[in-house]
Amino acid sequence: MTKPRKPSQPLLGDVDAPIRSKARRRRDPAQPHLLLDPMPARIEPCLAQLKPRPPKGPRWAFAVKLDGYRIVVHIEPSRVRILTRGGHDWTHRFPAIKQAAAWLPVGTAILDGEAVVLDEQGRSDFGLLQQSLGGRGGQLSSDAIFMAFDLLYFDGHDLRNSELDMRRHLLEDLVPAGGQGDIRLSEEIEADGDALLRIACEHELEGIIAKDRNSSYRSGRLGDWLKIKCIQSDGFVIVGYEQSTASFGGIGRLLLAAHKGNELVYVGGVGTGFDERSAVELREQMDKRVIGKPAVDTGRKRNAVFIRPELVAEIEYRAWTHVGKLRHASYKGLRDAADEAEIYDIPFNASRM
């Protein structure tokens, strides 16, 4: 005689209880049509580490380093937002980029890239971008274009955990190579890193960028992206200026400082790179910040005016002197506070630059 079988217990639950799936994650009411990943309001950017030489190996993808403002374009169901690296909304300052983003064939997306103005040779030029934006006055730019180099969110999918190669594949479908509109693809270049750097330097470009093809998108400076420069260009705090009746804006030379730990250290001056427009705009900004005593020890200076250390200038230079001063420096433009430009940080163990 066979033994009677016990009733089955589907999924180890009560036989009479209905089988229920787990509750769905609540949807964002502002995004009623997205069934997948909620769209981030803001993403901290991935930043490149400075290296003296390009990396080796097939895992690295290379591109030309751009010289502009880092921005992220958010394409949402009912609007487009353009955010700076520091999270400030600059949508109103780039109307052409905003319109071009609205025309892209996508419902929702977040594109990472750089706002640039190109010179006659097709090179990005920070000084031209500053002129286009009217300095720090908050004017809009009709000349800036957006060079897209990464796709972080695409039609309901958060791509930050995907490999760079996959993100680039989707980006190239959205922003095809070779376009001439206000949103263009920053193209990867198949080349040996050393050879590409040499060519970039011969063409007087800023340098090159190397990115780990297998890396996810991680905010911060973690080594997934590297930058290798042809010409040194960094941010320095303006602590004053020497007056001159023979120079644009009455500026003979800017007095500059860099960080060393939590302190500012004087690193010399710069007296070239100004035109009449940039000098007048810079003088207006400095005149609002005049103080009686210098914020750092600049040594004895003739006809010097000292200001609060609030303005950050982008300075191009060739090298450092043995006493820690900039050599062959040239003024490129004034960084906007919303860009959160980095100030050069002098290493503590640097006895000679």
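What percentage of the 353 residues of the protein chain count as buried? The value is 47%. Keep in mind that this is a predicted model.

**Whole chain**

Start with the entire protein chain in cartoon view. Its secondary structure consists of five helices and 19 strands. The accessible surface comes to about 19300 Å². Carbon and sulfur atoms account for 49% of that area. Next, consider contacts between residues at least 6 apart in sequence: 67% of them join residues at least 24 apart.

**The largest nonpolar core**

Select Phe94, Ile97 and Leu111. These residues have the most contacts inside the largest nonpolar core, which has 31 residues. Which elements each supply at least two residues of this core? Colour them one by one: strand S3 (69-75), strand S4 (80-84), helix H1 (95-103), S5, helix H2 (126-133), S6, H3 and S8. S3 gives the most, with four residues. In soluble globular proteins, nonpolar side chains tend to be buried together.

Zoom in on Ile97. Leave aside its neighbours within four places in sequence. The residues in contact with Ile97 are then Ile71, Val73, Ile82, Ala115, Ala144, Ile145, Phe146, Asp182 and Ile183.

Now move to another core, which lies apart from the largest one and has 26 residues. To find it, select Ile251, Leu256, Val267 and Leu326, which are among its members.

**Helix H3**

Select residues 164-174, which form helix H3. Show the side chains of Leu164, Arg167, Arg168, Leu171 and Leu174: these are buried. Then look down the helix axis. The buried residues fall within an arc of 120°, so they line one face of H3. What covers them?

**The disulfide**

How many disulfides are there? The count comes to one. Select Cys201 and Cys230, which this disulfide joins, with a distance of 2.1 Å from S to S. A disulfide is a covalent bond between the sulfur atoms of two cysteines. The angle about the S-S bond is -95°, and the link of Cys201 and Cys230 is left-handed. Cys201 sits in helix H4 (residues 193-202), while Cys230 is in the loop between strand S10 (225-229) and strand S11 (232-243), so the pair ties together parts that are 29 residues apart in sequence.

Cys201 is partly exposed, at a relative accessible area of 34%. Cys230 is partly exposed too, at 22%. Then select Cys46. This residue is buried, with a relative accessible area of 2%.

Finish at Arg59. Where does this residue lie? Arg59 is in the loop between strand S1 (49-50) and strand S2 (60-64). Is Arg59 buried or partly exposed? Arg59 is partly exposed, because its relative accessible area is 41%, which falls between the 20% and 50% limits.

Now set a distance label from Arg59 to Asn214, C-alpha to C-alpha. The two are 155 residues apart in sequence and 6.9 Å apart in space.

Definitions and conventions: Residues numbered from 1 in each chain as written. Predicted model: local features only at pLDDT ≥ 70, side-chain atom pairs only at ≥ 80, totals over all residues. Heavy atoms only, no water. Buried < 20%, exposed > 50% of the residue type's maximum accessible area, 1.4 Å probe, protein only. Arc of directions from axis to C-beta. Contact = heavy atoms within 4.5 Å. Areas by Shrake-Rupley, 256 points an atom, 1.4 Å probe, with all protein chains shown as cover. Disulfide = S-S within 2.5 Å. Core = buried A, V, L, I, M, F, W, Y, C linked by side-chain atoms within 4.5 Å.
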